[in-house]
Amino acid sequence: IAKVATSLSEEERLANQFLSIRFQMEAYLNEAMPTQIIEAGAFLEKYIDALNIKQKDFAQYIQYEESNLSALIKGKRKINPDLAIKFGNIFQIDPAIWLQIESKNSILQEVSENDDKYKKYNLYDLLKKVNRA
């Protein structure tokens, strides 16, 4: 494997790294109850690292403030549809995946902070209450 890896061109190596990151994103989305929340920005940071470029240069390229990019990577800002489309084009990944990660994380955060609030809502209880009326 090591021999094959060293014989790859820069484009092939980068394509493999991108594929690996995409698989990590999809695995995270498919995990029902992950043990920890992974911010979409963490995946973005992996892509930028794979490119071996500075975050400042990436921010300039996508016409985004460097401070906002840093906040996004740290999970303090969210990826919006505009950014998702840009990232989708650059990294050749469906833009919806970026937004799905943001959405999943919002739900996981809400449930972890208010679990008791939501436990009372279920189909059986609804039907029981509706049938009493």
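How do the axes of α3 and α5 cross, and within what distance do they come? The axes of these two helices come within 7 Å and cross at roughly 115°, where axes are lines fitted to C-alpha atoms, for helices over the stretch in contact, and angles run from 0 to 180 degrees between N-to-C directions.

## Model and confidence

This is a predicted model, in which local features need pLDDT of at least 70 and side-chain atom pairs count only at pLDDT 80 or more, while totals for chains, interfaces and linings use all residues. Residues are numbered from 1 along each chain as its sequence is written, and side-chain values use heavy atoms, with hydrogens and water left out.

The chain averages a pLDDT of 93, and 98% of the residues score at least 70; pLDDT is the predictor's confidence in each residue, from 0 to 100. Confidence is lowest in helix α1 (residues 2-6), with a mean of 74, and highest in helix α4 (residues 55-61), at 98.

## Overall build

The chain holds 8 helices and 0 strands, helices being DSSP runs of H or I with at least four residues and strands runs of E with at least two, numbered from the N terminus. The radius of gyration, taken over C-alpha atoms, is 20 Å, well over the 14 Å that the globule rule (2.2 Å times the number of residues to the power 0.38) gives for 133 residues, so the chain is more spread out than a compact globule. Along its principal axes, the C-alpha trace spans about 70 × 40 × 20 Å.

Of the 133 residues, 28% count as buried, where buried means under 20% relative accessible area, exposed over 50%, and partly exposed in between, with a 1.4 Å probe and protein chains only. Among contacts with a separation of 6 or more, 59% join residues 24 or more positions apart, a contact being heavy atoms within 4.5 Å.

## Helix α5 and its partners

In helix α5 (residues 66-73), the buried residues are N68, L69, A71, L72 and I73, and they pack against α3 (40-51), α4 and α6. Just after α5, G75 takes a positive phi of about 85°.

Returning to the crossing of α3 and α5, whose axes come within 7 Å, the contact is made by G41, A42, L44, E45 and I48 of α3 together with L69, L72 and I73 of α5. By class, this contact has 6 nonpolar, 1 polar and 1 charged residues; Ala, Val, Leu, Ile, Met, Phe, Trp, Tyr, Cys and Pro count as nonpolar, Asp, Glu, Lys and Arg as charged, and the others, Gly among them, as polar.

## Helices α2 and α7

The axes of helix α2 (residues 10-30) and helix α7 (residues 95-119) come within 10 Å and cross at roughly 35°. On the α2 side the meeting residues are M25, E26, Y28, L29 and N30, and on the α7 side they are I97, W98, Q100, I101, K104, N105 and L108. By class, the contact of α2 with α7 has 7 nonpolar, 3 polar and 2 charged residues.

Most residues other than glycine have a negative phi. N52, in the loop between α3 and α4, has a positive phi of about 60° although it is not a glycine, and N52 is exposed, with a relative accessible area of 69%. Q92, in the loop between α6 and α7, has a positive phi near 55° and is likewise exposed, at 68%.

I85 lies in helix α6 (residues 81-91) and is partly exposed, with a relative accessible area of 47%. The C-alpha atoms of I85 and P95, 10 residues apart along the chain, are separated by 5.1 Å.
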